[in-house]
Amino acid sequence: MKISAFHLMPHRELPADFEKRYESVWVTPPWWELADPARVGQYYNWTLDELLFAARAGFDGVCTNEHHQNAYGFMPSPNIMGAVLAKATNDLPVAVVQMGATLPTQNPPVRVAEEYAMLDCISGGRLVAGLPLGSPMDVNLCYGITPMEHRERYREAFALVMKAWTAREIFAWNGKYTQLANVNLWPRPIQQPHPPVWVPGSGSISTFDFAVDNEVCYCFLSYSGAKSAKGMMDGYWNVVTKKGRDANPYRAGFLQLVTVAETDAKAEELYAKHVEYFYHKCLHVPAVWFSPPGNQDYRSLEASARTPMRFAVNAKELRYRDFVEKGYVISGSPATVRQRLQEEVVKGLRVGNLMVLLQIGSMPHELTLQNMDLFAREVLPSLRPVWENEGWVNHWWPEKLRARFEPTPSPRNRVA
Amino acid sequence: MSDLNGTSARTVSVWQDQVRLRILSKGKGPGVFFFHGPWGLHWDPFLDALARDFTVHAPEHPGTTPGAPDDITHLDNLWDLVLCYDELLDSLGIESAAMVGHSFGAMVACELAAANPRRAGRLALIDPIGLWLDDTPVTNWMMLSAGEMPGRIFHDPASAGAKLLFPSPADDDARISAQVGLTWAMGSTGKFIWPIPDKGLKKRLHRVKAPTLLIWGAEDRIAPPVYAEEFARRIPGARIESVKGAGHAPQLEQPAVVADRVREFLRP
């Protein structure tokens with residue numbers, strides 16, 4: 001079992017009436033009214049410090065991701081963050097998990113292959129290469145990619161990146177979206193034939209096929225917990241079986257929001273407002289923006305119209321206890337969190353590569369470190385051996401970091 | 001399908017048999033081509049009125065023909081789309097025809113008339129898109145919620161025309177099919193105009209030689225009437241007819257008025 005700390009880098013101080021005053025947290029929130037560059041600089045530094053803290057506390061990996069024009073999570077270039085993390089963790093057995101640079105908006109997409117190769121070289125072969133499709137808000141609305149071409153562009157870019165990493169000869173790429181006469185990547189990644197690849201998805205059935213066909217780790221980045229993800233992940237595992245692959249749990253990744261405190265009651269007291277901030281403000285986006293016409297292929301469109309899986313619940317009407325009850329967030333004492341994570345997420349969905357979001361919405365820096373520290377000490381050690389006895393190999397993890405290792409003692413008192 | 005309304009339907013394959021286009025035809029008299037807008041083809045009272053004097057042929061935009069949604073993947077860009085329609089006209093043996101278009105379909109008619117001016121006999125454009133003014137952006141209807149759409153497209157979202165475009169069938173299956181059809185029609189047409197519906201038509205409009213009538217809903221809030229002036233300025237001799245009590249789809253909200261103007265304009 002590999003457990004990574006995920007970060008969104010959100011705006012932590014949105015006004016209390018944000019979701020009433022503004023149309024959306026994404027695409028259209030007015031910078032001049034809502035943010036200050038010096039303060040945002042502080043957010044970036046907190047984010048890096050928090051992920052480095054997690055790395056030292058014994059997490060297996062640290063994850064960054066890419067989003068644009070929003071207050072929900074604004075690392076437009078995850079590789080800038082990844083570069084800092086790679087350099088600063090060179091003495092640690094920690095993977096740099098880029099979840100990652102959005103492929104369809106990179107022009108040309110070999111840029112992702114280059115930057116990831118740089119990160120792999122800098123980190124000494126510790127990169128996990130997330131190759132995301134990107135959200136419709138980022139790709140279609142902010143970066144102008146035609147919804148109907150989004151997936152096709154992605155697939156071409158994916159094939160180009162793979163070939164750029166692995167080809168021994170210089171080659172010409174005569175694609176529909178990219179034409180390059182001499183592809184000759186400098187540098188190449190340390191990990192051969194290429195770094196492990198994770199493909200994040202949000203339950204689109206065409207992505208299941210793609211993930212299995214390309215032998216990547218399919219990661220469901222969910223904010224609605226394991227209960228509502230069950231049907232979707234079962235769908236993925238069905239595709240895995242149907243295509244004759246083994247049931248290696250490391251084929252699957254999952255993102256879960258987690259908050260830990262000494263007791264369940266203390267967790268509510270400490271984290272309730274930050275969880276509600278996240279669901280009420282950070283996810284404040286018109287539903288239709290998640291799915292511009294053409295973004296889903298016809299098959300997926302029909303399937304989702306007939307069995308709507310997302311947005312059935314209006315999160316704005318829910319409060320902390322609802323989020324916990326539904327499993328959107330797993331929160332409570334270490335014992336509660338251990339049990340729910342193991343039963344609902346790890347075993348329930350058959351997940352080998354778990355990502356946990358421990359800085360949530362408005363959660364301040366100190367409280368984030370406290371959450372990470374407690375998780376690392378009280379939860380992580382019991383989860384790590386979960387799949388140990390079944391003998392699976394995590395092909396989707398940097399080879400040099402695959403062996404189980406004992407976490408270093410908590411660095412909590414070193415960060416003052 | 002219930003909206004065939006006494007039309008005859010045939011499906012023509014073009015683009016090396018990769019793109020199937022169904023054409024609904026009705027009426028008698030000289031042929032007129034109708035290119036529908038971004039919400040798909042519905043045989044409406046306006047087309048019926050037109051069919052009294054003309055034989056109206058209405059092709060479905062690639063991807064929107066039932067049973068052939070993925071055919072749209074074979075057309076990469078506007079140039080492919082224009083050639084696809086060129087092949088369609090060839091395969092029907094039509095050298096030149098009057099063309100009527102609505103919104104996105106009116107843009108397609110302009111592109112055809114600009115690419116091959118001999119193809120278009122007369123051109124009746126109903127609230128065409130295809131130009132862009134920074135001060136008056138065209139609304140991206142693809143980003144409107146189902147609830148917002150009727151109010152934005154129509155002057156009166158309760159009108160019969162609005163109901164034709166946005167039916168609310170009681171039965172679940174029909175409702176879902178209508179919703180899927182509408183979304184796919186927007187996606188398949190949107191492929192050629194995202195994210196800004198200006199793909200260079202301004203550089204090509206001067207090639208249009210056909211006598212042109214511009215019909216514009218006075219209350220159009222998708223492409224406001226200022227765009228009528230822009231089109232008129234660029235198409236030699238174009239005339240503007242404003243239609244009161246209509247938004248972006250005047251032929252649906254004021255079918256009799258629009259049909260009268262178009263018939264009068266097309267009459268030989």
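## Where the chains meet

In this predicted model, 19 residues of chain B are in contact with 16 residues of chain A (contact means C-beta atoms, placed from the backbone, within 7 Å). Chain B's side of that meeting has 10 nonpolar, six polar and three charged residues; here Ala, Val, Leu, Ile, Met, Phe, Trp, Tyr, Cys and Pro count as nonpolar, Asp, Glu, Lys and Arg as charged, and the others, Gly among them, as polar.

A word on bookkeeping: residues are numbered from 1 along each chain as its sequence is written, while chains are lettered from A and ligands numbered from 1 in the order in which they are written. Since this is a predicted model, local features need pLDDT of at least 70 and side-chain atom pairs count only at pLDDT 80 or more, but totals for chains, interfaces and linings use all residues.

## The sheet in chain B

Chain B has an open, mixed sheet of eight strands, ordered 1-2-4-3-5-6-7-8. Strands are DSSP E runs of at least two residues, helices H or I runs of at least four, both numbered from the N terminus; two strands pair if DSSP finds at least two bridges between them. Strand 1 (8-14) and strand 8 (239-243) of chain B are at the edges with a single partner strand each, so one side of each lacks a neighbour in the sheet.

Strand 2 (residues 19-27) and strand 4 (residues 55-59) of chain B pair antiparallel over five bridges, and Gly27(B) sits opposite Thr55(B) in strand 4.

Methods
Contact = placed C-beta atoms within 7 Å.
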